[in-house]
Amino acid sequence: KPLSYNNINDTDAAFELVAEFDVPTIAIIKHANPCGVASAASMDAAWDAALASDPVSAFGGIIALNRSLDAATATRITSIFTEVVIAPDADEDARAILAEKPNLRLLTTGAMPAAGGDGVKIKSVSGGFLAQSRDSGMVTTDDLRIVTKAQPDAAQLADLMFAWRVVKHVKSNAIVFARDRCTVGVGAGEMSR
């Protein structure tokens with residue numbers, strides 16, 4: 001079954017999001033927005049945390065990993081309906097597990113996209129196209145200026161930096177709540193709030 005326009009768009013959004021992270025990270029994307037993102041010591045732990053962020057919205061979503069897909073993570077992913085899994089690679093056991101799902105497509109890329117890399121994003125519009133430079137901005141803790149009396153501790157700063165990387169990939173009027181390097185709430189632009 002070929003990938004739809006929306007599948008390709010969501011897959012690209014998911015893969016660019018996980019490329020922001022140096023540690024094992026999984027993103028679940030639905031309608032071009034993350035509904036669950038988590039970083040952890042292992043991919044299966046990242047999956048469990050990302051899914052727990054919003055298990056309802058994850059149904060029928062796109063899953064991106066920034067590490068090779070292993071059997072333990074593949075087994076967890078197939079516990080819900082998933083359209084596409086994209087990762088730099090997948091071991092043979094993981095491939096076999098995903099192959100048992102007839103409508104799930106595995107895309108392996110061999111590498112990750114360059115986080116913050118240069119490039120142009122192009123979108124078609126009626127009668128033409130829009131072109132803009134990729135958002136290559138990367139915020140670090142050195143860029144932060146704490147203006148409150150209460151100073152964040154190291155864990156709060158880590159969660160802030162995690163959320164900052166995720167919110168960059170949320171469409172319109174974005175808000176991200178994070179705890180323990182996992183999204184606990186993601187809000188995007190909606191018609192009715």
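1. Lining of the second largest pocket. β9 gives the most to this lining, with four residues. Helices (H or I, at least four residues) and strands (E, at least two) are DSSP runs, numbered from the N terminus. The model is predicted: local features need pLDDT of at least 70 and side-chain atom pairs count only at pLDDT 80 or more, while totals for chains, interfaces and linings use all residues. Residues are numbered from 1 along each chain as its sequence is written, and side-chain values use heavy atoms, with hydrogens and water left out.

2. Second largest pocket, extent. About 240 Å³ of space lies in this pocket, and 16 residues line it, with Asn 33, Pro 34, Cys 35, Ser 57 and Val 186 nearest its centre. The elements giving two or more residues to its lining are β2 (33-39) and β9 (183-187). By class, the lining divides into six nonpolar, seven polar and three charged residues. Ala, Val, Leu, Ile, Met, Phe, Trp, Tyr, Cys and Pro count as nonpolar, Asp, Glu, Lys and Arg as charged, and the others, Gly among them, as polar. On a 1 Å grid over the protein atoms alone, a pocket is an open set of points where a 1.4 Å probe fits, with protein on both sides within 12 Å along at least five of seven lines; lining residues have an atom within 4 Å of a point. Grid points are joined across faces, edges and corners, and a volume is the space filled by probe spheres set on the points.

3. Largest pocket. Its volume is about 700 Å³. Of the 21 residues that line it, Asn 9, Asp 12, Lys 121, Gln 132 and Lys 171 lie nearest the centre. At least two lining residues come from each of α1 (5-18), β6 (120-125) and β7 (128-133), and α1 has the largest share, five residues. Nine of the lining residues are charged, seven nonpolar and five polar.

4. Strand β8 (residues 175-178) runs antiparallel to β9 and is joined to it by four bridges; two strands pair if DSSP finds at least two bridges between them. Val 176 has Val 186 in β9 as its bridge partner, and Val 186 is also among the residues nearest the centre of the second largest pocket. Four residues lie between the two strands of the hairpin, and Asp 180 in the turn has a positive phi of about 55°.

5. Open sheet. Five strands in the order β2-β1-β3-β4-β5 form an open sheet with mixed pairing. Its edge strands, each pairing on one side only, are β2 and β5 (105-108). Within the sheet, β3 (residues 61-65) and β4 (residues 82-87) pair in the parallel sense over four bridges, and Ala 64 stands opposite Ile 86 in β4.

6. Aromatic pairs. The structure holds two. Rings of Phe, Tyr and Trp (its six-membered ring) pair if their centres lie within 6.5 Å; planes under 30 degrees apart count as stacked, over 60 as edge-to-face and the rest as tilted. Phe 21 and Phe 162 have ring centres 5.3 Å apart and planes at 40°, so this pair is tilted. Phe 21 is in the loop between α1 and β1 (25-30) and Phe 162 in helix α6, 141 residues apart. Phe 21 counts as buried at 8% relative accessibility, and Phe 162 counts as buried at 3%. Buried means under 20% relative accessible area, exposed over 50% and partly exposed in between (1.4 Å probe, protein chains only).
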